[in-house]
Amino acid sequence: MKKVALILALALLAGALLYAVARMPRMGDAGSPDKTYAVPRYIERGLEEAGNRSIPNDVFLNYRAYDTMAGVVALFAALCGAMVVLDRGRRGSSMAGFDRRGVSSSVMLRTIAIVLVPLTVMFAAFVSLMGVNTLGYSLQSGTMIGGAIILLTLVFSLLETSRRLRPGLAVAFESAGLAMFLAVGLLGVVLGAHFLTLSLPGFAGKNVQVERAIMMYVLDLGIGVSAAGIITSVIFSLMREGEFEQ
Amino acid sequence: MLWILNLILLVLLLGISTAVVFMKDLLVAAVLLSGQGLMMALLWTRLGAPDLALIYVALVVCVSTMMLVIAINRTSRDEDEP
């Protein structure tokens, strides 16, 4: 019975997805709406309307910033779900269950980590700052910084990391991305544009290049911050998971 | 001549992916999977998508391998053991 219901649900899902794909314009079709309307507009007026030399960034952080915010909301919801499963009510008693044994990692690993982590953080800062105008985004730099924190945690113990990065800070980092999106959206409304659409009518006649660039960078940074927070939180909760059972 | 590099990367990608499927030792399989991610990232750079390559290295090679290793650490290293 359960199996039949499962197969039926999967078949329905597959049918819906295939129907949607079948209704899409054919690949390479020059008459489809995205080729006739959206893409030429992004290419011809993207710099003027959205204020960024990188067209993908124009789309992500300006024309479609609302959709990007939905993506950040989805990531936040997924993190909440993962935390319910992994981190059952341990947020409060933060130091109680942490690894106190002290991992004895080799000198080689320590040295490599000490040399590698500053370089990684520097490269992440470069990617984040250059990404506003050229290729690359803060999402990449956020994941890199999360990876650097995880590397440090592997080499030195979880106790050391948790002594330096307090759990309250992690909570702040996880929710900071969404908060930055909402703040920029509301600021845009105050300045006269639509919520998170910093390109069209509201900003049309005004000279707001610098403000708009800063707002787009804050959006970009929000994505990166939430990526770093989510990665480190999930990995730390997985590492912490076993401590209570042993 | 650069197509030889592409060919080497593709062959390595396919070989590592096949090895991952047939590997009995799960820890080796996890490490090989990160190697497969690295090949994929190099291919993305060759295809002109360095942003995608960066995110691939950070997420697939680093974070998801980390998760797999933690999961293996909590359960069992051998595929056949219960």
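**Figure 1. L238(A) in helix α9 of chain A.** L238(A) is found in helix α9 of chain A, in a model that is predicted. The relative accessibility of L238(A) is 19%, and L238(A) therefore counts as buried, since buried means under 20%. Leaving aside residues up to four places away in sequence, L238(A) touches L86(A) of chain A as well as M67(B), I70(B) and R74(B) of chain B.

**Figure 2. The contact between chain B and chain A.** How many residues does each chain bring to the contact? Chain B brings 13 residues, and chain A brings 19 residues. Together the two chains bury about 1,300 Å² between them, and 83% of this area lies on carbon and sulfur atoms. Three residues of chain B, namely L54(B), M66(B) and R74(B), supply 36% of the area that chain B buries against chain A, which is more than any other three residues supply. R74(B) is also one of the residues that L238(A) touches. Between chain B and chain A there is 1 residue pair in polar contact, with both residues at pLDDT 80 or more. The count of salt bridges between chain B and chain A is 0.

**Figure 3. S233(A), a serine within helix α9.** Helix α9 of chain A covers residues 209-241, and S233(A) lies in this helix. Is S233(A) buried or exposed? S233(A) has a relative accessible area of 5% and is therefore buried, the limit for this class being under 20%. The side chain of S233(A) reaches the backbone oxygen of G229(A) at 2.8 Å.

**Figure 4. S138(A) in helix α6.** S138(A) has its place in helix α6 of chain A, which comprises residues 138-155. With a relative accessibility of 1%, S138(A) counts as buried. Which residues does S138(A) touch, not counting those up to four places away in sequence? They are S128(A), D220(A), L221(A) and G224(A).

**Figure 5. The salt bridge between R77(B) and D25(B).** Over all chains, the structure holds 1 salt bridge. In chain B, the side chains of R77(B) and D25(B) meet in a salt bridge, with a distance of 3.0 Å from N to O. This pair links distant parts of the chain, the two residues being 52 residues apart: R77(B) belongs to the segment after α3 (50-74) of chain B, and D25(B) to the loop between α1 and α2 (26-46) of chain B. R77(B) counts as partly exposed, at 46% relative accessibility. D25(B) also counts as partly exposed, at 21% relative accessibility; why D25(B) is not classed as buried follows from the limit for that class, which is under 20%.

**Figure 6. A nonpolar surface patch on chain B.** Which residues make the nonpolar surface patch of about 750 Å²? The patch is made by M1(B), W3(B), I4(B), L7(B), I8(B), V11(B) and L12(B). One of these residues, I8(B), is placed in helix α1 of chain B, which runs over residues 2-22. I8(B) has a relative accessibility of 45% and therefore counts as partly exposed, as this class lies between 20% and 50%.

Figure 7. Chain A contains 9 helices and 0 strands. Of the 246 residues in chain A, 38% are buried; S233(A) is buried, and S138(A) counts as buried. Among the contacts in chain A with a separation of 6 or more, 71% are between residues 24 or more positions apart. The accessible surface of chain A comes to about 14,200 Å², and carbon and sulfur atoms account for 73% of this surface.

Figure 8. Chain B has 3 helices and 0 strands, and from the N terminus on its elements run α-α-α. The C-alpha trace of chain B spans about 50 × 25 × 10 Å along its principal axes. Buried residues make up 28% of the 82 residues in chain B. Of the contacts in chain B between residues at least 6 apart in sequence, 59% join residues at least 24 apart. Chain B exposes about 5,000 Å², with 76% of this area supplied by carbon and sulfur atoms.

Key: Residues numbered from 1 in each chain as written. Chains lettered and ligands numbered in written order. Predicted model: local features only at pLDDT ≥ 70, side-chain atom pairs only at ≥ 80, totals over all residues. Heavy atoms only, no water. Helix = DSSP H or I, 4+ residues; strand = E, 2+ residues; numbered from the N terminus. Buried < 20%, exposed > 50% of the residue type's maximum accessible area, 1.4 Å probe, protein only. Polar contact = N/O pair within 3.5 Å; in protein donor to acceptor, adjacent residues only side chain to side chain. Patch = residues over 30% accessible without salt bridge, like charges linked within 9 Å, V, L, I, M, F, W, Y side chains within 5 Å. Areas by Shrake-Rupley, 256 points an atom, 1.4 Å probe, with all protein chains shown as cover. Salt bridge = Lys/Arg side-chain N within 4 Å of Asp/Glu carboxyl O. Contact = heavy atoms within 4.5 Å. Buried area = accessible area lost by both parts, 1.4 Å probe.
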